[in-house]
Amino acid sequence: MGMIEETDILMLDWNKIKDMPKENEVIPVAVQNSITKEVILVAYVNEEALKESIRLKKAVFWSTSRNKLWFKGAESGNTFTLDHIYVNCEQNSLVYQVTPDKGNICHTSYNGKANNCYYRELDMDTMKLINLNERDK
């Protein structure tokens with residue numbers, strides 16, 4: 001193992017995803033529900049978003065489509081309290097364990113019931129998406 005795998009010093013590799021402008025260097029972050037262990041979503045953070053997440057103890061991301069900070073739930077009220085941050089061995093991705101602060105986790109729902117963002121499964125035989133809410137009926 002190399003130094004990056006053995007150190008206790010945070011040395012995140014913001015340049016892992018190539019072809020990003022310096023000011024928008026990001027790493028992926030998987031967001032997991034602390035209670036259910038479901039994967040809620042995958043997003044990106046830059047250094048600014050990570051610092052805001054830590055400061056606020058809330059999930060804050062970097063929107064690569066809008067090129068700005070994305071405070072999860074700022075508009076909907078569906079915020080996430082940040083419980084833990086895990087760093088992978090190469091320091092080029094994170095896992096945020098979060099507790100949803102209210103109702104919906106995703107901006108989608110099914111018959112008024114909150115979804116997480118992974119509510120469809122790819123049928124590898126037909127290459128069609130199956131809504132898990134429909135499959136479980």
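User: Before I start, what should I know about the model and its numbering?

Analyst: The model is predicted, so local features need pLDDT of at least 70 and side-chain atom pairs count only at pLDDT 80 or more, while totals for chains, interfaces and linings use all residues. Residues are numbered from 1 along each chain as its sequence is written, and side-chain values use heavy atoms, with hydrogens and water left out.

User: Which residues of helix H2 are buried?

Analyst: Buried means under 20% relative accessible area, exposed means over 50%, and partly exposed lies in between (1.4 Å probe, protein chains only). Helices (H or I, at least four residues) and strands (E, at least two) are DSSP runs, numbered from the N terminus. In H2, which covers residues 47-56, the buried residues are Ala49, Leu50 and Ser53. Seen down the axis of H2, these buried residues fall within an arc of 100°, so they line one face of the helix; the arc is that of the directions from the helix axis to the C-beta atoms.

User: What lies on the face of H2 turned away from the buried side, and what covers the buried residues?

Analyst: The face turned away carries Lys51 and Arg55, which are exposed. The cover over the buried residues includes strands S2 (39-45), S3 (60-63), S4 (68-71), S5 (80-87) and S6 (94-100).

User: What is found at the start of H2 and just after H2?

Analyst: At the start, a side-chain oxygen of Asn46 comes to within 3.2 Å of the backbone nitrogen of Glu48, and just after the helix Lys57 has a positive phi of about 60°.

User: Which residues does Ile85 touch?

Analyst: Contact means heavy atoms within 4.5 Å. Ile85, which sits in strand S5, touches Leu50, Ile54, Leu94, Val95 and Tyr96, when residues up to four places away in sequence are not counted. The C-alpha atoms of Ile85 and Val98, which are 13 residues apart along the chain, are separated by 8.9 Å.

User: Is Leu10 buried or exposed, and where is its place in the chain?

Analyst: Leu10 is exposed, with a relative accessible area of 54%, and its place is in the loop between helix H1 (3-6) and S1. Ile85, by comparison of topic, is partly exposed, with a relative accessible area of 30%.

Note on methods. Polar contact = N/O pair within 3.5 Å; in protein donor to acceptor, adjacent residues only side chain to side chain.
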